[in-house]
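User: I have just opened this one and have never looked at it before. Could you walk me through it?

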Amino acid sequence: MKKYILLLICVCIYNLSTGQGYNHNWLLGYQTGLDSFTTSNRSIAQIDSVNINIFSQSRKMRFSSSQANISDSAGNLLFYTNGCWIANATGDTMMNGDSLNPGNFSDGYCPYGYPIANMELALPVPGMMNKYILFHQTGDQSVWSRKLYYSLIDMSLDSGRGAVTAKNQIAFSDSLIWGISACKHANGRDWWVAVLKDSSDIIYTLLLTPNGITNIQQQHLNVPMHHSQYVQPSLFSPDGSKFAYTICTPTGNMSYPALRDLRIFDFDRCSGQFSNPYVINLNDTNPGLGLAFSSNSRFLYTGKYWRISQFDLQAPNIQASRQYVADFDFNTTGGITDFAFMYLAANGKIYISSSSSTIYFNVIDQPDSAGMSCNVLQHAIQTPCYIYASHVNHPNYYLGRLVGSPCDTL
């Protein structure tokens, strides 16, 4: 009976995987120019399992496309970063949170914020109350990242405002593509963290456990080589069974500068291994930025600037399952609201930012539904400030253990 009750609890946790507190906040506000270098004209989106509420906010930190933050289990914001520094919940620099990612790259982009999505990722340290780890990347003269950094944060310090206890530590070094993604280990406690290697078909994974960073490994994905300047954000499905990213291949033709493909893999949450690569030629000469799974992990959405596609991962032929579910309506009231980054939020909806400054989000209202029933709403959410290619990096913090797997041992 106890085992049955425990199984029901795990199922409930899985079903609510996008509805808990760690991922309830998203900070908004264009990084420069439109705010005249003041702390006003910014806002915060608070998203729970049902609603989204957006409030104006005075805040020091600006954002471009890169943002990591984390909240407590009740949805109270703990800290956030734009790649330049770490702010606490009051908006001030966290103790020892200055000078994140030192070097020429930061000198060029700070204090406005890093320009590439998913260059930072915040995780709770397994088994450690009030302890968090921030993985982060920067660049160098060769553009791509040379190191995967991490910084440790103890929220019990500075009267609960938190402090950085170790900063700019190196997890490992190599030529890496921008973009950090993470998935819960099948034991439901530890974390797999993944980063692609540049100019190769290699992916790095590391395991975060209560003992720290372990099991750093690399694997050939057996797909055509990927390049740092042409890979869009990579991500795991909410249930942890899939991993996907898109890549643009330069053609040398100015009229058709790039061809884009989608790469999908099975993921083993026990071993951290990727398998069964599935490559789809998207036939998109417009590269686009958008990529998001539905909350039930069945549908995968890609976006180029003028169109959104849906793929059914349960179809016998995934490529043939492609359906176009929205075309940009060219309504430019409040800014050009084309389709840039996609973010699966805590309420199960996918919010889409734009490649130009605007005051609107587009929304995929029912992403778990097939075809046009997913209901793409353009200009759906108005914000009190301008946003531009806004994005925040949140993994599925609430994915439970994989019941019955060989590593379901805790």
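This is a predicted model: local features need pLDDT of at least 70, side-chain atom pairs count only at pLDDT 80 or more; totals for chains, interfaces and linings use all residues.

User: What share of the contacts comes from residues 24 or more positions apart?

Analyst: Taking the contacts in the chain with a separation of 6 or more, residues 24 or more positions apart account for 53% of them.

User: Now the inside. Which residues touch the most other members in the largest nonpolar core?

Analyst: That core has 34 residues, and Phe79, Leu123, Phe135 and Leu148 are the ones that touch the most other members. Several strands each supply at least two residues of this core, among them β5 (77-81), β7 (120-124), β8 (131-136) and β9 (145-154). In soluble globular proteins, nonpolar side chains tend to be buried together.

User: What does Phe135 touch, then?

Analyst: Leaving aside residues up to four places away in sequence, Phe135 touches a set that includes Leu121, Leu123, Leu148, Val193, Leu206 and Ile213, and Glu120 is also one of its contacts.

User: Switching to cysteines: how many disulfides does a search of the whole structure find?

Analyst: The search finds two disulfides. One is formed by Cys84 and Cys110, whose sulfur atoms are 2.0 Å apart, and with -95° about the S-S bond this link is left-handed. The pair links distant parts of the chain, 26 residues apart, with Cys84 in the loop between β5 and β6 (86-88) and Cys110 in the loop between α2 (104-109) and β7.

User: Are those two cysteines buried or exposed?

Analyst: Cys84 is buried, with a relative accessible area of 6%, whereas Cys110 counts as partly exposed at 23% relative accessibility.

User: And where does the pair of Cys270 and Cys407 sit?

Analyst: Cys270 is in the loop between β17 (256-267) and β18 (274-284), while Cys407 is in the segment after β26 (376-387), so the pair, 137 residues apart, links distant parts of the chain, and Cys407 is buried because its relative accessible area is 13%, which falls under the 20% cut-off. Their disulfide has an S to S distance of 2.0 Å, and it is left-handed, with -90° about the S-S bond.

Terms used:
Residues are numbered from 1 along each chain as its sequence is written. Side-chain values use heavy atoms; hydrogens and water are left out. Contact means heavy atoms within 4.5 Å. A nonpolar core is a set of buried Ala, Val, Leu, Ile, Met, Phe, Trp, Tyr and Cys residues joined through side-chain atoms within 4.5 Å. Buried means under 20% relative accessible area, exposed over 50%, partly exposed in between (1.4 Å probe, protein chains only). Helices (H or I, at least four residues) and strands (E, at least two) are DSSP runs, numbered from the N terminus. A disulfide is a pair of cysteine sulfur atoms within 2.5 Å.
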